[in-house]
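Please open the structure in your viewer and keep the sequence beside it, so that each selection can be followed in both.

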Amino acid sequence: MRVTLFDYGAGNLHSLAKALTTAPDVEVRVQEDPLRALDTDVLVLPGVGAFGSASARLAPGREAMRRALDAGLPCLGICLGMQLLFEGSDEGAGEGLGYFQGQVTRLAARHVPQIGWNDVEEDAALQSAKLASVYYAHSYVCRAVEPREVVGWTTHESDRFPASVRRGKVLGVQFHPEKSSRAGVRFLQAFLKEVAP
């Protein structure tokens with residue numbers, strides 16, 4: 001299975017690539033071109049960087065990527081990657097993919113960013129890999145318009161927001177599975193197994 005990490009020029013992709021290759025028969029590659037990134041079995045939008053600059057890197061392939069997701073290309077969006085699946089963000093200019101309706105806004109909390117372990121409530125993202133506590137590192141969160149697409153919740157101080165959203169083979173998670181110990185790695189493995197061609 002070919003898994004492609006779309007690199008929007010921020011952060012170290014090494015730990016995510018390493019976690020993904022723990023799944024059997026997986027070949028991970030990194031691609032900076034959003035159009036070439038679509039020549040894959042599974043697209044991964046990694047979770048480090050700022051929305052504005054990531055959106056700019058995505059722009060030349062935005063429409064093609066949205067069409068590919070609509071046509072059934074499996075995709076996992078992690079943290080910023082999940083936010084790019086939405087329409088836009090208060091963090092920066094530019095458009096997201098708009099696969100999920102809603103806007104990304106700043107956490108409504110005294111302590112921002114949220115960094116560290118927190119629970120996933122009502123987790124229904126993957127039936128074969130239930131999560132309890134996972135690792136978060138973020139200042140912005142997704143405000144989903146369609147409640148049925150939210151498949152997990154979390155709460156930081158008094159702000160309750162989606163921990164995960166899903167429609168078809170497209171899954172977005174606000175947390176970092178690659179930093180969430182063995183349970184997070186099992187989560188990545190379960191997603192790849194479920195969407196395998």
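## A tour starting at a cysteine

Select Cys-79 and then the residues that touch it: Gly-47, Ala-137, His-138, Val-173, Gln-174, Phe-175 and His-176, not counting residues up to four places away in sequence, where contact means heavy atoms within 4.5 Å. This is a predicted model, in which local features need pLDDT of at least 70 and side-chain atom pairs count only at pLDDT 80 or more, while totals for chains, interfaces and linings use all residues. Residues are numbered from 1 along each chain as its sequence is written, and side-chain values use heavy atoms, with hydrogens and water left out.

Cys-79 sits in the loop between strand S4 (75-78) and helix H4 (80-84); helices (H or I, at least four residues) and strands (E, at least two) are DSSP runs, numbered from the N terminus. Cys-79 counts as buried, at 4% relative accessibility, the term buried meaning under 20% relative accessible area (1.4 Å probe, protein chains only).

Now centre on His-176, which lies in the loop between strand S12 (170-173) and helix H5 (181-195) and is buried, with a relative accessible area of 2%.

How values were computed
Buried means under 20% relative accessible area, exposed over 50%, partly exposed in between (1.4 Å probe, protein chains only).
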